[in-house]
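My notebook is open and the viewer is running. I'll jot down each thing I look up as I go.

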Amino acid sequence: MPSSREIAKERLHLVLVHDRTDISPGLLQILKDELIAVISKHIEIDREGVEITFTQGKRYNRLVADIPVLGTRGRKG
Amino acid sequence: MSARIITITSGKGGVGKTTATANLGVALALLGQRVVAIDADIGLRNLDVVMGLENRIVYDIVNVIEGVCRLRQALVKDKRLPELYLLPAAQTRDKSAVSAEDMVKVCEQLRNDCDFVLIDSPAGIEQGFRNAIAPADEVLIVTTPEVSAVRDADRIIGLLEAEGKGPARLIINRIKPDMVRRGDMLDTPDVIEILAVELIGIVPEDEAIIISTNKGVPVALDNKGQASLAFRNIARRLLGEDVPFMALKDTSGLLGRFARLVRS
């Protein structure tokens, strides 16, 4: 069991990412869906494996999309 | 003289802005500085009672801005420290009675007559907060080690950066060493890591604060306790002294309880 201090820290990290970027968890989901749709047009990806996360710098955050590629349609076809 | 204008703010209410302002005012005055503390919380004034000067108020900041009196007439001289003054907020008006330009004008008038102008900001991020930070050369943010207070402090840091008022420095108030030890409270390094700001003070939770507010005698004036020492240390840091952060005493154990008994 993590201590309540650890829980507080973790929750703050997450909520501040959204506060600082003004990107709500809902918007993040929309971004993810649209990214998957656009990329899927050109390459075959593992939709379930897509992860959109923020990495935190000092006071700046980076939006990172981790998209597992299965192979290009061109090559398959 | 050219005063440093320092605004004390927090975002969240009830974290100790007014207590911090009163005690830093007292501590700086004890170090020989001439200080004017301004209550910028128009309509909800409290710095006067925390400093114990409520019975001596004749005019307030809105009277000054509206030309009812001169600035000097509105300054309430502290009874214990000849170099400490209070400029009270108006109690029966609201934030719209003062503009950011008004605050800048008042502070510029004070700049040549003292060493420090401390501005006690209202909670929130509305006009009252904007008025309080407009004249600031430096900003101190008060937070407690709680999720809601830290979140609001982060918001304030962002707003200050956008206004070009940074970098702000942080006071972590009301930390409870025994809860930190048990893993039930955010510790100083946690808060600093999350907010990525410079720390200027850690103030432990201290019952002496409530007693001092009851009496209208700020702890920095004569109390020998931890909170008093913490505020006096912050004042010395403001003057450029390199004062190490004090080790917080855990008062929950048997030894701690014994120490409290001895002190009381």
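Which residues does I141(B) touch, not counting residues up to four places away in sequence? I keep in mind that this is a predicted model. I looked, and I141(B) touches T9(B), S10(B), A153(B), I156(B), I157(B), A168(B), L170(B) and I171(B).

Next I checked the strand around that residue. Strand β6 of chain B covers residues 138-143, and β6 pairs with β1 (residues 4-9) of chain B in the parallel sense, over four bridges. I picked out one link: T7(B) has V139(B) as its bridge partner in β6(B).

Then I traced the whole sheet. I found an open sheet of eight strands in chain B, with mixed pairing, in the order β3-β4-β2-β5-β1-β6-β7-β8. At the edges I have β3 (76-77) and β8 (198-204) of chain B; each has a single partner strand, so one side of each is left without a neighbour in the sheet. I also noted helix α11 (residues 226-238) of chain B, which lies across β7 (169-175) and β8 and runs at about 160 degrees to β8(B).

On to the core. The largest nonpolar core has 86 residues, and I141(B) turns up again among those touching the most other members, a group including V35(B), I61(B) and F231(B). Helix α1 (residues 17-30) of chain B gives the most to this core, seven residues.

Last, I looked at where the chains meet. I read off 14 residues from chain B and 14 residues from chain A in the contact. On the side of chain B that touches chain A, α7(B) has the largest share, six residues. That side divides into six nonpolar, two polar and six charged residues.

Definitions and conventions: Residues numbered from 1 in each chain as written. Chains lettered and ligands numbered in written order. Predicted model: local features only at pLDDT ≥ 70, side-chain atom pairs only at ≥ 80, totals over all residues. Pairing = 2+ DSSP bridges. Helix = DSSP H or I, 4+ residues; strand = E, 2+ residues; numbered from the N terminus. Contact = placed C-beta atoms within 7 Å. Axes fitted to C-alpha atoms, helices over the stretch in contact; angles between N-to-C directions. Core = buried A, V, L, I, M, F, W, Y, C linked by C-beta atoms within 7 Å. Buried ≥ 20, exposed ≤ 12 C-beta atoms within 10 Å, placed from the backbone. Nonpolar A, V, L, I, M, F, W, Y, C, P; charged D, E, K, R; others polar.
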